[in-house]
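Please keep the sequence and the model in view while reading.

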Amino acid sequence: MTPAAKECKVIIPGPASVELGHQIRHALSKTKSTLHQSFGNGGNSGEAHGMKRALLCGVTYRDKTYSLKGTVNDVKRMKVLLMQRFGYRRDCIRILTETGSESDFSPTKKNIQESLKWLVEGSESGDSLVFYFSGHGLRQPDFNDDEKDGFDETICPVDFMQEGMILDNEINSTIVRPLKKGITLHAIVDACHSGTVLDLEDIWIDNKPPSKADKSTSGGLAICLSACGDDEMASDTSAFTGKDMTGAMTFILIHVVENVPEITYGSLLDQMHEVIEQVNYKRCLTVPCLRILLGHRKIENPMLSSSQEFPVYSKKFLL
């Protein structure tokens with residue numbers, strides 16, 4: 001039996017669902033220059049021993065009133081990052097989207113559940129696993145007395161209206177609990193209400209489940225980067241690219257990682273913060289544009305959490 005997992009959380013200001021156009025692209029360009037000056041322009045820092053396997057889900061909810069336009073673009077960008085920056089092989093990346101004709105690769109509830117099992121199946125010490133999800137996230141009342149706030153967080157498959165959502169409890173039991181010592185899992189979730197979507201405990205506040213359920217790994221390390229807190233909304237925008245929609249958190253994350261060799265988790269969050277601050281605070285707070293662009297919505301806080309404490313400013317970000 002392993003000790004109960006602890007969650008190390010770092011919160012930074014997050015992107016809003018807005019069309020910021022040239023302001024954001026200028027900020028990204030400026031930040032890229034700063035990153036190279038600060039860290040240089042080294043080679044690939046993603047080399048690691050062991051198997052690398054990734055599951056990338058982008059749910060568009062095509063032809064629905066709640067459809068999303070940027071999720072497939074998010075998956076494409078994440079695939080490029082994994083292959084070019086971190087050395088993932090194409091045949092070790094499973095992609096679930098609605099763009100293909102094969103039903104086996106549609107992001108249905110059944111396919112996502114089966115693919116989550118595939119992700120961790122047969123993993124051993126030294127392996128690196130990635131679960132990426134871009135789509136809708138929701139909450140529902142907790143009926144197991146294992147959520148202090150009274151809500152389970154969920155991700156929404158394409159058929160969630162018929163088949164139901166996938167709860168954080170199930171995600172935890174499928175890809176967190178089985179992690180053996182030496183295995184690292186990263187979950188990157190660009191969805192609303194995604195703060196504790198891996199159902200990890202929290203060392204900073206008293207967030208242990210009232211039921212005292214064990215939500216730890218089997219000795220491995222689970223790390224989650226989520227777009228916002230459990231009671232907050234994520235966002236997508238075309239401001240970064242000028243035309244294509246993309247998840248705001250996903251785009252900024254990839255931009256920073258691509259331009260900083262051997263970046264640490266803490267520096268990654270700081271640089272994401274800098275981009276957002278340049279755009280939303282320094283530029284927009286001096287004029288009425290902030291209220292107009294955000295539609296009175298609060299800028300959300302992307303979150304970093306982990307099943308174990310680690311020094312965020314010395315541990316390198318490796319997928």
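**From loop to core**

D63 is exposed, with a relative accessible area of 75%. The residue sits in the loop that links β2 and α2. Although D63 is not a glycine, its phi is positive, at about 65°. These values, like the others below, come from a predicted model.

A second residue with a positive phi is E262, again not a glycine, with a value near 55°. E262 belongs to the loop between α6 and α7.

For the chain as a whole, the secondary structure amounts to eight helices and 12 strands. The chain has 319 residues, of which 56% count as buried. Its exposed surface comes to about 14,100 Å², with 51% of that supplied by carbon and sulfur atoms. Of the contacts between residues at least 6 apart in sequence, 78% join residues at least 24 apart.

The largest nonpolar core has 38 residues, and the members that touch the most others are L82, F317 and L319. Elements that each supply at least two residues of this core are β2 (52-58), α2 (71-86), β4 (128-134), β9 (221-226), α6 (248-259) and α7 (265-283). Beyond its neighbours within four places in sequence, F317 is in contact with F86, H186, L225, V257, I263, T264, Y265 and L268. Another core, of 34 residues, lies apart from the largest one and includes C57, I112, F133 and L179.

Helix α5 comes next. Seven of the nine residues of α5 are buried, so the helix is largely enclosed by the rest of the structure. The buried residues are D168, N169, I171, N172, T174, I175 and V176. Their cover includes α3, β4, β6 (151-155), β7 (166-167), β8 and β9.

One part of that cover, α3, can be described in more detail. Two packed helices are described by the angle between their axes and the distance between the axes. The axes of α3 (residues 109-120) and α5 come within 8 Å and cross at roughly 30°. Angles under 35 degrees count as roughly parallel, and α3 and α5 are therefore roughly parallel to each other. On the α3 side, the residues in contact are Q113, L116, K117, L119 and V120, which meet E170, T174 and I175 in α5. By class, this contact of α3 with α5 has four nonpolar, two polar and two charged residues.

What follows α5 in the chain? R177 is found in the loop between α5 (168-176) and β8 (184-190). With a relative accessible area of 31%, R177 is partly exposed. Leaving out residues up to four places away in sequence, R177 touches N172, D214, K215, S216, T217 and S218. N172 is one of the buried residues of α5. S218 lies 41 residues from R177 in sequence, yet the two are 5.7 Å apart in space, C-alpha to C-alpha.

Notes. Residues numbered from 1 in each chain as written. Predicted model: local features only at pLDDT ≥ 70, side-chain atom pairs only at ≥ 80, totals over all residues. Heavy atoms only, no water. Helix = DSSP H or I, 4+ residues; strand = E, 2+ residues; numbered from the N terminus. Buried < 20%, exposed > 50% of the residue type's maximum accessible area, 1.4 Å probe, protein only. Contact = heavy atoms within 4.5 Å. Areas by Shrake-Rupley, 256 points an atom, 1.4 Å probe, with all protein chains shown as cover. Axes fitted to C-alpha atoms, helices over the stretch in contact; angles between N-to-C directions. Parallel < 35°, antiparallel > 145°, perpendicular 65-115°, else oblique. Nonpolar A, V, L, I, M, F, W, Y, C, P; charged D, E, K, R; others polar. Core = buried A, V, L, I, M, F, W, Y, C linked by side-chain atoms within 4.5 Å.
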